[in-house]
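Work through the two exercises below with the sequence and the structure side by side, and try each task before reading its solution.

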Amino acid sequence: MSSHHTNSHVDVLLTGCERQDAGAVLGALEAAFPTRPGESLTEAVEPRPGSSHPTVWAASVDTRSHGHELGPVHLDGSLTADLSGGPRHVREVKKVLGDSFRLEEQGSVSGDQEVELRLRLTELPSSR
């Protein structure tokens, strides 16, 4: 994972989930870090028909924009979220995700000016 945006952007890749769970996570991020009208936060990278490759939902979150946090959000299953960007900005995105979902950190890699973080997201007990 490598970010090609400004320092305030965090790249988010979601895998191992159905469309509705990816939408729930991306909706929480869009509420917390709104985009400008006409812009989209997300892009689905779907495999070719008959392919065994997983669908990946990609988002670029600009942490300079601040909206509101949703609190606990419903998920039908669990998913993997890979975050990549500047350390402070990755922490901001992780905090927002932690307010809406149960997080399990599965690994991280730190560089000079960028960090990569893998999280497993599941539903918080109080979101039903």
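Contact here means heavy atoms within 4.5 Å. The model is predicted, so that local features need pLDDT of at least 70 and side-chain atom pairs count only at pLDDT 80 or more, while totals for chains, interfaces and linings use all residues. Residues are numbered from 1 along each chain as its sequence is written, and side-chain values use heavy atoms, with hydrogens and water left out.

**Exercise 1.** Describe the surroundings of Thr 80.

*Solution.* Begin by locating Thr 80, which lies in strand β4, residues 79-85 (strands are DSSP runs of E, at least two residues, and helices are runs of H or I, at least four, numbered from the N terminus). Next, list its partners: leaving aside neighbours within four places in sequence, Thr 80 is in contact with Leu 13, Leu 14, Thr 15, Gln 106, Arg 118, Leu 119 and Arg 120. Finally, turn to burial: Thr 80 has a relative accessible area of 11%, and it counts as buried because buried means under 20%, with exposed over 50% and partly exposed in between (1.4 Å probe, protein chains only).

**Exercise 2.** Find which residues of α1 and α2 meet, and sort them by class.

*Solution.* First, identify the helices as α1, residues 19-32, and α2, residues 87-100. Then read off the residues: Val 25, Ala 28, Leu 29 and Ala 32 in α1 meet Val 93, Val 96, Leu 97 and Ser 100 in α2. By class, this contact has 7 nonpolar, 1 polar and no charged residues (Ala, Val, Leu, Ile, Met, Phe, Trp, Tyr, Cys and Pro count as nonpolar, Asp, Glu, Lys and Arg as charged, and the others, Gly among them, as polar).

Conventions: Axes are lines fitted to C-alpha atoms, for helices over the stretch in contact, and angles run from 0 to 180 degrees between N-to-C directions.
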